[in-house]
Structures are given as structure tokens and as C-alpha cells.
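Dear colleague,

Please find the structure below, handed over for your review.

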Amino acid sequence: MRKLNSLQHLFEVEIIDIYDAERQILTAMPKMIERVDHKALRTVLESHLKETGEQVQRLERVLEILDLRPETRFCATMQAILREGMDLLDESGSPAVLDAACIAVAHMIENYEIGAYSMLTALSRLDYPPGVFSLLCASEQEERDADEELLDRKSTRLNSSHLGI
């Protein structure tokens, strides 16, 4: 196990970690979208899938600016969240309840991403080119907005009558 000897080293480890996490999400999200019954929820997830692709591109720019190799780290946390989430979505049940499960899984993903981007944004203020900060800020804000949209009953139209309760 390597030691984290500096905030710069922590930043480098975490930027590569979130890069891998976002790439895992790009692979898993279409499978989640396929399982969604509710049209508004599907639209929210499709929009976030597009944003995730843009976030990967931003991270690639950051990695290029910092001359870091992205293939050196695997995000086990995101793999576990996605595996557990897909297991949950593989259950049988009413479409409305499975849609609610999809929202729960997506919310867990968003929380991980928000935490990662918040920390990276804070660390990027230390001694990195200004472009790094702005790229990370844009992704952090998108994650916060996506999480709010997931939990907003108006955009997903998942309410107690839809859930049958």
C-alpha cells in the first residue's frame, strides 16, 4: 500500500479514482435506463448520462493538464454501488417500485460523485492551474443539480399515487 505523502498526491489519487468511477457509470447507466418504466425519470437519467460523458471529457482535460495517467487506479467503491444497484434493479416487482429503486441507486451514485468533486474542487485551489478548478467546479455543480432533479417529485412525477401507497 502506498502512502499519501501530500495533498497533491491525495488529489492525484482521487482525480484518477473519479475518472474511473465516471467511466463505470457510462457503462452502467444505459442498463439502468432500460429498466425504468416512468418516462420523466428516463429523461432525467438520459440527460445525466450525457452529462457524465461531458464530465469524463473534462476529467481527461484535467489529467492532460496535470500529465497524469488515468489507467493507474480502479474505483472499487463505484463498482460496489453499481453492482448492488443493478442487483436491486434485477428484482421483480411493480414498475413504480422498481423506478423508486432506480432513483435510490442513482441518488447513491450522485452522493459519491458530489463528495469526490467537492473534495477535488477544494484541493484544486491549492496549487493548480485555474483551468483545473473551473473544470471540476462545473462537474460538481452538475452532480448537485442532477441529485436535486432526481429527488424532485415534479421532474420524476413519482408520488404516492404513482407508487400505489
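**Findings**

Asp67 has a relative accessible area of 68% and is therefore exposed. This residue is located in the loop between H2 and H3. Please bear in mind throughout that the model is predicted.

In general, nonpolar side chains tend to be buried together in soluble globular proteins. Here the largest nonpolar core has 43 residues, and the members that touch the most others are Phe11, Ile15, Met32, Leu45 and Met78. Two or more residues of this core come from each of helix H1 (7-35), helix H2 (39-65), helix H3 (76-89), helix H4 (95-127) and helix H5 (130-151). With neighbours within four places in sequence left aside, Met78 contacts Ala21, Gln24, Ile25, Ile109 and Tyr112.

**Helix packing**

A pair of packed helices is described by the angle between the two axes and by the distance between them. For H1 and H2, the angle is about 155 degrees and the axes are 9 Å apart. Angles over 145 degrees count as roughly antiparallel, so H1 and H2 are roughly antiparallel to each other. Their crossing is left-handed.

H2 also packs with H5, at an angle of about 165 degrees and with the axes 10 Å apart. H2 and H5 are therefore roughly antiparallel to each other as well. H2 passes H5 in a left-handed crossing. On the H2 side, the residues that make the contact include Leu41, Val44, Leu45, His48 and Glu51, and on the H5 side they include Val132, Leu135, Leu136, Ala138 and Ser139. Leu45, named here in the contact with H5, is also one of the core members listed above.

Asp17 is placed in helix H1. Is Asp17 buried or exposed? Its relative accessibility is 5%, so Asp17 counts as buried. Not counting residues up to four places away in sequence, Asp17 touches Arg73, Phe74, Cys75 and Tyr112. Tyr112 is also among the contacts of Met78.

Gln79 belongs to helix H3. With a relative accessibility of 31%, Gln79 counts as partly exposed. Beyond residues up to four places away in sequence, Gln79 touches Gln24 and Phe74. Gln24 is likewise in contact with Met78, and Phe74 is likewise touched by Asp17. Gln79 and Ala28 are 51 residues apart in sequence, while their C-alpha atoms are 9.7 Å apart in space.

**Cysteines**

How many disulfides does a search of the whole structure find? The search finds zero. For Cys102, the closest cysteine sulfur is in Cys75, and a bond is ruled out because the two sulfurs are 19 Å apart, which is too far. A disulfide would require a pair of cysteine sulfur atoms within 2.5 Å. Cys102 has a relative accessibility of 1% and so counts as buried. Cys137, at 25% relative accessibility, counts as partly exposed. Cys75, mentioned above with Cys102, is also one of the residues that Asp17 touches.

With kind regards

Technical notes
Residues numbered from 1 in each chain as written. Predicted model: local features only at pLDDT ≥ 70, side-chain atom pairs only at ≥ 80, totals over all residues. Heavy atoms only, no water. Core = buried A, V, L, I, M, F, W, Y, C linked by side-chain atoms within 4.5 Å. Buried < 20%, exposed > 50% of the residue type's maximum accessible area, 1.4 Å probe, protein only. Helix = DSSP H or I, 4+ residues; strand = E, 2+ residues; numbered from the N terminus. Contact = heavy atoms within 4.5 Å. Axes fitted to C-alpha atoms, helices over the stretch in contact; angles between N-to-C directions. Parallel < 35°, antiparallel > 145°, perpendicular 65-115°, else oblique. Left-handed = near helix turned anticlockwise from the far one by under 90°.
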